[in-house]
Amino acid sequence: MTLFSDLGLIEPLFRAVAGQGYTKPTPIQAQAIPRLLEGRDVLGIAQTGTGKTCAFALPMLQHLAQKNKKHPPKGARTLILTPTRELAVQIADDFAIYGKNLNHIKRTIIHGGVSQGPQVSAMASGTDVLIATPGRLLDLINQRRVDLSAVEIFVLDEADRMLDMGFIRDVQKIVRTLPKDRQTLLFSATMPDAVADLVKTLLRNHERIEVTPPSTTVERIAQKVMFVSRDNKRHLLADLLKDGAITRAIVFTRTKHCANRVAEQLQKGGFSADAIHGNKSQNARQRSLNAFKDGKVRVLVATDIAARGIDVDGVSHVINFEMPVEPESYVHRIGRTARAGMDGIAISFCDREEMSHLRAIERQIRQPVPVDEKHAYHAAPGARGPRSESNDDGDRPRSGRPSGHRPGGQRPRGNNSNGPKKPGGGGKNRRRGGGGGGGGSGRPWENRPQAA
Ligand code: AMP
């Protein structure tokens, strides 16, 4: 077993980690930290919840502490690009925690949605660690308020989400302003072709480290699906929340509008709930997140993008009020309840129009989601004949949406559409499924088990 003391970390970092109560490094930490300390480029195939922030923060802090230089005006010695503001704040907090026993290491956060003035002032004298979202950073580079020509270490975090959110071009433009002689780290939960291309252009002689495929996280989570009509979803949610076992829950919706409505309905029903989504100001989002973390709010209603930054331990339940359109979002969503090795429960509300999403999810996770029919609002999802590939189109949403229109404004992703896909045929962009269920009939979603 690897210990933190085996990784070559300097004492102040070792002490900070011990102070956090971490007894042993997570797999990505054990594998990445020694390589990064050697100065190698690293490709980390890992999602949030695997301890990846600590895996890159510790070697970066060690580098800054050992190669003690002054950061140039407007410049940064290290840069972390991350897709959302919440993640940027979270990463900055983590750097503060892990770096607390070192001589002062300056951190600066740059993200959109707030005025640029304080960010420009903070960058005037330069910084040691710059944590930024791509859009605002590129703005400030173009305004010559930020100069990245002295960056020694560059981290591209959540590269696949960058792609999802349409940031890849901005990322490429930012990369062009970095010096060629640098250490680069790229993290991504999945490897779509565009990310694989980035890997080729950004990394040099890199070490590839792959940990915790989604299915491993998925396997730790007790999942079930409840068939319910759209109109009854809110009643079902209120019923479920009467159970005190749901101590801290994230409820996912596809749209901001729905997130607001669900939070309001819950509040009216006497539940402590709040909504978090992209229309809220950064401060409001952070307030809601803090209240949720502190246990003052029991239910946080969130959209997918807002949820990216939710790093809260002890989430007992994830409830998909609306099924995600993209199967990979399902894995991200339910992963919020199994952080740092804990188990969790994920419940999905599925109406008849969402059946095709459910099936796409089952293919992604290569296992059927057990059905729980024992609730007051059970609505059989229509004729449930044998589940076969050819059955798929017949179950597409019947709302008469024009083809190509996706609810919630979500964009299709590469080859990751909801269209029929061969069972078990993960393809090169799929994470490998830990051996779960791909064999046998080849249709693991047939003979659905009932939830206990
Ligand atoms: P991340 O993957 O960076 O989002 O981290 C997920 C969570 O794991 C965070 O809450 C960290 O505080 C926690 N964590 C990171 N490293 C360890 C460790 N070695 N032992 C226990 N918890 C950890």
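Tutor: Happy to! Let's start at Ala55, which counts as buried because 27 C-beta neighbours lie inside 10 Å, and the cut-off for burial is 20 or more. Keep in mind as we go that this is a predicted model. Ala55 sits in helix 3, which spans residues 52-66. Leaving aside residues up to four places away in sequence, Ala55 touches Ile28, Gln29, Ala32, Ile33 and Gly44. Gly44 is eleven residues from Ala55 along the chain, and their C-alpha atoms are 9.7 Å apart.

Helix 2 covers residues 27-37, and its buried residues are Ile28, Gln29, Ala30, Gln31, Ala32, Ile33 and Leu36. What covers them? Helix 3 is part of the answer, and the cover also includes strand 1 (42-45), strand 6 (183-188) and strand 7 (207-210). Just after helix 2 comes Gly39, with a positive phi of about 95 degrees.

Now for another set of partners of helix 3. Thr53, Cys54, Ala57, Leu58 and Leu61 of helix 3 meet Ile91, Asp94, Phe95 and Tyr98 of helix 4. The axes of helix 3 and helix 4 are 10 Å apart and pack at an angle of about 50 degrees, which makes helix 3 oblique to helix 4. Their crossing is right-handed.

Helix 1 joins this group too. Its buried residues pack against helix 3 and helix 4, the latter spanning 85-98. In helix 1 itself (residues 11-19), the buried residues are Leu13, Ala16 and Val17. These three lie on the same side of helix 1, because they cover an arc of only 95 degrees around the axis. After helix 1 comes Gly21, with a positive phi near 85 degrees.

Leu61 ties several of these pieces together. Not counting residues up to four places away in sequence, Leu61 touches Leu13, Phe95, Tyr98, Gly99, Leu102 and Ile105. The largest nonpolar core has 63 residues, and Leu61, Leu79 and Tyr98 are the ones that touch the most other members. Helix 3 gives the most to this core, with eight residues. Apart from this core lies another one of 47 residues, and its members include Phe252, Phe292, Ile361 and Val369.

Ile361 also takes part in a helix pair. The axes of helix 15 (residues 327-334) and helix 16 (residues 355-365) come within 8 Å and cross at roughly 70 degrees, which makes helix 15 roughly perpendicular to helix 16. The contact is made by Pro327, Glu328, Tyr330 and Val331 of helix 15, together with Ala360, Ile361, Arg363, Gln364 and Ile365 of helix 16.

Back by helix 3, have a look at the loop between helix 3 and strand 2 (76-81), which holds Lys74. Lys74 has a positive phi of about 65 degrees although it is not a glycine. Is Lys74 buried or exposed? Lys74 is buried, because 20 other C-beta atoms lie within 10 Å and 20 is enough to count. Arg144 lies in the loop between helix 6 (134-142) and strand 5 (153-156). Arg144 counts as exposed, because it has 8 C-beta neighbours inside 10 Å and the limit for exposure is 12 or fewer.

Finally, here is the wider setting for your close look. The chain has 16 helices and 13 strands, and 48% of its 452 residues count as buried. Among contacts between residues at least 6 apart in sequence, 77% join residues at least 24 apart.

Methods: Residues numbered from 1 in each chain as written. Predicted model: local features only at pLDDT ≥ 70, side-chain atom pairs only at ≥ 80, totals over all residues. Helix = DSSP H or I, 4+ residues; strand = E, 2+ residues; numbered from the N terminus. Contact = placed C-beta atoms within 7 Å. Core = buried A, V, L, I, M, F, W, Y, C linked by C-beta atoms within 7 Å. Arc of directions from axis to C-beta. Axes fitted to C-alpha atoms, helices over the stretch in contact; angles between N-to-C directions. Parallel < 35°, antiparallel > 145°, perpendicular 65-115°, else oblique. Left-handed = near helix turned anticlockwise from the far one by under 90°.
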